[in-house]
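Dear colleague,

I am handing over the structure we spoke about, and it is placed just below so that you can look at it while you read. My notes follow it.

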Amino acid sequence: MTSKLESLNQWVADVAQLTQPDAIHWCDGSDAESAALKAHMLADGTLIELNQHTHPGSTLHRSHPDDVARVEHLTFVCTPEREDAGPNNHWMAPSEAHAKIDALFDGCMRGRTLYVIPYCMGPIDSPLSRCGVEITDSPYVVANMRIMTRMGAPALARIEREGHFVKGLHSTGELDPNRRFIMHFPQELTIKSFGSGYGGNALLGKKCHALRIASHQARQEGWLAEHMLILGIENPQGDTHYIAAAFPSACGKTNLAMLIPPEGYLKDGWKVWTIGDDICWMRPGPDGRLYAINPEAGFFGVAPGTSKKSNPNALASIQSNTIFTNVGVTADNQPWWEGIDNGQAPMTDWQGQPYNPAVRPAAHPNSRFTVSAKQCPSYSDMAEDPHGVPISAIVFGGRRASLVPLVFEARDWTHGVLVGAAMGSETTAAATGAVGVMRRDPMAMKPFCGYNFADYFGHWLSFDQPGAQLPKVFHVNWFRKGDDGKFLWPGFGDNLRVLEWMINRVDGKVGVQATPIGNLPIEADLNLDGVTLSDEAHAKLFGIDHAGWQAEFASIGDYLAEYGPRLPQALKDEQQRIAQA
Ligand code: SAT
Ligand code: MN
């Protein structure tokens, strides 16, 4: 097969010339194709069948033990000018990067099949969607891309109509961490990834395209490509408000996106709808509001900690047709992970060895499930709407054991951009490296912004224009700890109490307590029926420590100064104003 689009045929031919595959397969996305690929992967051990009575259609993949997370130190943004990638990215000159990675691709598909995956990020008929083609030699990548994107014939038809697409070239290579690179060429709308089969490194539609390349496209075209979940909150009157929220990887975006309201809210008729759990593309609509789509079609969620209690919707979603990566298995071949809390026990760990907690956990801390969004009980019909959903509130949040209160509101858009730019979080297992170290992660985009953060902050500021009806901006911290090291806020479903307060703010129903860092809730305006908080929790979740914040603002100032003269003056002014308050 070939395409009607000559530039696509030519690229596939050029890649085949370089990589020397035994065969070329154009993916049509059909059930028959998927079944054949799966049979092939079960036969060669890439996939292991799980218990088909309890988990019909589900399989397990065990990755190479050195290939379990994104590798930020091997991820490059290759712009002609180093300054355009910014201090937030590793940079390499495009010519050097192409030469380096093409040498790795040279002959790398000998004995393998080259798969051509046309995909669409977002609903096929949405003007907000963008298409790409991934070439890979990994059938596991094909299977995941089929779940995570709209992949196959309809995407190819759109690409042929539009005549352009993002090019992504991927090979698992030898999975040697010393021969591994993830390279982005925003000006060429091109991605090249070699030597890893893991999610964010290999499913090129996700972080590589939908965030790093798309953020560059979004800047040129006047929209935003963000690391945000999108959810809808329907009140008892039937009105739905949509919220987009940015948290770093593995900070509970999937749980928040699939939240189950607490008992009292359920009784009153509140509902939470899931649009997306990881990525949000939004642009101003004709009425000046921001309209958002989820460019993805599935969830690539963190397994550990997912339980009937923490996330019943996720658990219900993954009962069938799910690919599990790097989880443990029970004696009767069901998937198992730490925190699944279902009364079962693991027999085999994620490396396929007999489980021994003294050696390693049963599931890798960054083990994942890949599942179609359509299997999620709370998946919203509006997720397929080509116009997207209007966003009422944007929420920034991180993992902060100390200092940062439960919630505060930015005074205006510029302050909101500063709140996003100043975000900090303690690192997680989603990327290789030390876990639990506080780092600045503006808008949760530190690993994902495809250009200089200084320009990115400027792009955010540029949305504040006459006629714009911008969302309110908030900051939350579900992870504040007490002196005993325990979380002070119950989190999970109870987070709806905080989201309800935000909606009441959007609707102008409640007031605030103004402080230098922003507007804090008046505690009585938050529905805390059924939550017991200690005195320490009240003080720390709803108060501010002035000396602590003074130090924080000095540190934010130092951080922003790293962006030098490119940093927008309005942001510097805002930081100064608060630092001196
Ligand atoms: O590995 S992914 O980048 O796809 C997931 C994440 O880190 O958020
Ligand atoms: Mn993510």
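Does K253 count as buried or exposed, and why? The model is a predicted one, and in it K253 has 26 C-beta neighbours inside 10 Å, so this lysine counts as buried, the cut-off being 20 or more. K253 lies in helix α9, which covers residues 253-257, and, once its neighbours within four places in sequence are left aside, K253 is in contact with L229, F247, D277 and D278.

Under "binding site", an unreviewed UniProt entry lists A250, C251, G252, K253, T254, N255, R368, R399, F492, G493, D494 and N495. These positions span 246 residues in sequence, and the farthest two of their C-alpha atoms are 24.7 Å apart, so they do not all gather at one spot.

Turning to the ligand, you will find ligand 1 surrounded by R70, G199, G200, K206, K207, S249, F300 and A430. The elements that give two or more residues to this shell are α7 (199-202) and α8 (205-221). Sorted by class, the shell around ligand 1 has three charged, three polar and two nonpolar residues.

As for the overall layout, the chain is divided into domain 1 (6-47 + 68-221), domain 2 (226-298 + 380-579) and domain 3 (299-375). The C-alpha centres of domain 1 and domain 2 are separated by 31 Å, and where these two domains meet, 34 residues of domain 1 are in contact with 28 residues of domain 2. On the side of domain 1 that touches domain 2, α3 (82-85), α5 (139-148) and α8 each supply at least two residues, and the largest share, nine residues, comes from α8. That side of domain 1 divides into 16 nonpolar, nine polar and nine charged residues.

Over residues 10-219 the chain is 38% helix and 23% strand, with the end C-alpha atoms 29 Å apart.

Two further details may be of use. Helix α2 (residues 31-44) has 14 residues and reaches 20 Å from its first C-alpha to its last, which is close to the 20 Å expected at 1.5 Å a residue; α2 is followed by G45, whose phi is positive, near 90°. M109 has its place in the loop between α4 (94-105) and β6 (113-121), and M109 is buried, because 24 other C-beta atoms lie within 10 Å. Not counting residues up to four places away in sequence, M109 touches T19, Q20, P21, L114, D137 and S171, whereas the C-alpha atoms of M109 and A431, 322 residues apart along the chain, are separated by 27 Å.

With best wishes

Technical notes
Residues numbered from 1 in each chain as written. Chains lettered and ligands numbered in written order. Predicted model: local features only at pLDDT ≥ 70, side-chain atom pairs only at ≥ 80, totals over all residues. Helix = DSSP H or I, 4+ residues; strand = E, 2+ residues; numbered from the N terminus. Expected span 1.5 Å × (residues − 1). Near = placed C-beta within 6 Å. Nonpolar A, V, L, I, M, F, W, Y, C, P; charged D, E, K, R; others polar. Domains from an automatic or database assignment. Contact = placed C-beta atoms within 7 Å. UniProt positions renumbered as here; feature names shortened; annotations may be inferred. Buried ≥ 20, exposed ≤ 12 C-beta atoms within 10 Å, placed from the backbone.
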